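Welcome, and thanks for taking a look at this protein with us.

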Amino acid sequence: MNKSLVVNNKIYIETYGCQMNVADSETVAGIMDLNDYEIALTIDGADVIIINTCSVRENAEKKIWNRLDFIKSIKRKNKNIVVGIIGCMAQRIGVKMLEHPVVDFVAGPDAYRDLPELINNSYLNKKYCNTDFNIKETYSGITQKKQSNEDISGFIAITRGCDNFCSYCIVPYTRGRERSADYNDIISEVKKLKQNNFKELTLLGQNVNSYYFEDNKNKVNFPSLIEMVAITAPEIRIRFTTSHPKDLSDELIDVIARNKNICNHIHLPVQSGSNKILERMNRKYTREWYLNRINVIKSKIPDIGLSSDIFCGFSGETEDDFQQTLNLMEDVCYDMAYMFKYSERPGTFAAKSLCDDVPEDVKKERLNRMIHLQNKISLKKNKADIGKTFEVLVEGFSKRSDNMLFGRTEQNKVVVFPCLNKKRGDTVMVKIKEASSATLKGDIINS
Ligand code: SF4
């Protein structure tokens with residue numbers, strides 16, 4: 001079948017996975033916009049469908065295979081539609097994804113400048129895959145294009161790739177070597193968000209703390225970069241993720257403490273509380289180092305919000321190792337945590353060299369204990385906020401009621417309150433009167 005060249009270039013970008021992919025999809029939208037494509041907000045009527053994928057766990061990839069089955073039905077009705085797979089799954093599976101009947105092209109995270117060419121080739125019935133890594137690629141000069149008009153939160157990727165090679169992680173193999181974006185590009189993105197009246201921005205990277213860029217004028221590490229951003233846009237809330245405990249410096253903690261618009265929230269993945277397991281994970285820090293970082297943070301920023309990533313059931317984890325994880329959670333008292341059971345990823349060091357020896361039912365049972373403990377801790381922490389007043393950035397209407405709005409405190413806690421004619425993007429002061437393990441409830445004061 002010879003596909004006729006498309007008449008209008010409506011492109012729909014569907015994003016899965018982490019905030020890094022959200023930022024990448026905006027970069028892709030920027031590249032396509034430069035090539036006269038129109039960014040569609042829905043899949044209906046799109047000429048080109050791009051799926052930005054995640055590969056961090058098996059379930060993430062299963063979702064994509066299911067989605068491709070759905071898109072098969074759309075393509076049956078319109079044979080001219082072009083479908084492309086990008087992101088981490090595209091990089092991990094590569095050219096083999098072209099065997100799927102729906103897929104016309106595949107592009108890895110360093111190949112997005114090649115997308116217009118890949119799409120053109122698809123119209124000529126040529127299926128291509130570009131998963132070349134490019135250590136220099138930070139998409140400098142590409143303006144991220146928002147996917148919706150009413151955005152209040154912006155995401156800026158300050159680093160790409162990762163050099164840490166945690167033994168369970170696929171990211172270094174799907175996103176390549178670590179590189180930092182030019183701080184001048186980052187500051188110009190910040191200024192664009194400011195001009196467009198954004199209220200919040202998040203600096204993104206697999207490990208933002210190892211950001212480093214030097215030119216003939218400046219040597220910029222992460223603490224100096226985030227302070228530069230805070231000073232450039234004092235009216236915008238600044239967030240950052242993800243931090244690696246081994247690189248979290250006192251210098252950064254001081255910068256957060258002295259800049260009012262840098263949110264008092266740190267997401268600091270610990271993964272495990274056992275030194276034996278941390279070593280098998282190649283995390284490059286000990287429980288003692290991690291707890292020291294937490295204590296320094298708490299001493300310098302008493303109202304800090306803390307969250308983490310923790311998983312159980314990694315290779316060789318005994319009940320005693322697991323107890324050390326629970327014990328660390330009680331020591332730190334996180335406000336919130338993302339918790340998982342270990343899922344082996346093909347291609348990682350762990351998959352090649354470490355035995356996935358913790359039985360599935362034991363993994364599940366430990367995960368339930370972890371979630372139960374964290375819910376207890378979160379409830380206790382949230383109950384301690386009753387009677388306090390927080391500045392909240394309104395994000396929208398509560399799922400449960402059109403009379404209620406929701407937003408986040410700078411500690412990244414979700415708050416629900418009666419709307420009082422306020423709207424998305426407003427900043428309000430809310431006095432807390434109720435709390436559950438996931439949500440705070442309150443009333444707007446001084447509206
Ligand atoms: S720091 Fe470790 S877990 Fe995080 S992306 Fe890099 S390799 Fe993966």
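Predicted model: local features only at pLDDT ≥ 70, side-chain atom pairs only at ≥ 80, totals over all residues.

E395 belongs to strand β17, which covers residues 389-397. Leaving out residues up to four places away in sequence, E395 touches I152, F406, G407, R408 and R424.

**Domains**

- The domain assignment of the protein gives three stretches: domain 1 (3-130), domain 2 (153-383) and domain 3 (389-445).
- How many Å separate the centres of domain 1 and domain 3? Taken over C-alpha atoms, those two centres lie 36 Å apart.

**The second largest pocket**

- This pocket holds about 410 Å³ of space.
- It is lined by 13 residues, and the closest to its centre are S398, R400, V414, V416 and T439.
- Four strands each supply at least two residues of the lining: β18 (404-408), β19 (414-418), β20 (427-435) and β21 (439-445).
- By class, the lining of this pocket divides into five nonpolar, four polar and four charged residues.

**K441 on strand β21**

- You can find K441 in strand β21, one of the strands that supply the lining of the second largest pocket.
- Is K441 buried or partly exposed? Its relative accessibility is 35%, so K441 counts as partly exposed.
- Setting aside neighbours within four places in sequence, K441 is in contact with V416, K431, I432, K433 and E434.
- K441 and F406 are 35 residues apart along the chain, and their C-alpha atoms are separated by 9.2 Å.

- With a relative accessible area of 31%, F165 is partly exposed.

**Backbone details to look for**

- Most residues other than glycine have a negative phi, and most peptide bonds are trans.
- F165 has a phi near 50°, which is a positive value in a residue other than glycine.
- C333 also has a positive phi, near 60°, and is likewise a residue other than glycine.
- Where is C333 found? It sits in the loop between α11 (319-332) and β16 (336-341).
- C333 is buried, as its relative accessible area is 18%.
- The peptide bond from T241 to T242 is cis, with omega near 15°.
- T242 is found in the loop between β13 and α8.

- Helix α7 spans residues 222-232 and is mostly covered, with eight of its 11 residues buried.
- Those buried residues are F222, P223, L225, I226, E227, V229, A230 and T232.
- What do the buried residues of α7 pack against? Their partners are the helices α6 (183-195) and α8 (250-258), along with the strands β10 (200-204), β12 (219-221) and β13 (237-241).
- Two of these partners, β13 and α8, are also the elements on either side of the loop that holds T242.

- K260 is placed in the loop between α8 and β14 (265-267).
- At 74% relative accessibility, K260 counts as exposed, because the cut-off for exposed is over 50%.
- K260 and M20 are 240 residues apart in sequence, and 25 Å lie between their C-alpha atoms.
- D47 has its place in the loop between β2 (38-40) and β3 (48-53).
- D47 is buried, with a relative accessible area of 10%.
- D47 and I81 are 34 residues apart in sequence and 4.9 Å apart in space, C-alpha to C-alpha.

Methods
Residues numbered from 1 in each chain as written. Heavy atoms only, no water. 1 Å grid on protein atoms, 1.4 Å probe; cavity = no way out; pocket = protein on both sides within 12 Å on 5 of 7 lines; lining within 4 Å. Points joined across faces, edges and corners; volume = space filled by probe spheres on them. Nonpolar A, V, L, I, M, F, W, Y, C, P; charged D, E, K, R; others polar. Buried < 20%, exposed > 50% of the residue type's maximum accessible area, 1.4 Å probe, protein only. Contact = heavy atoms within 4.5 Å. Domains from an automatic or database assignment.
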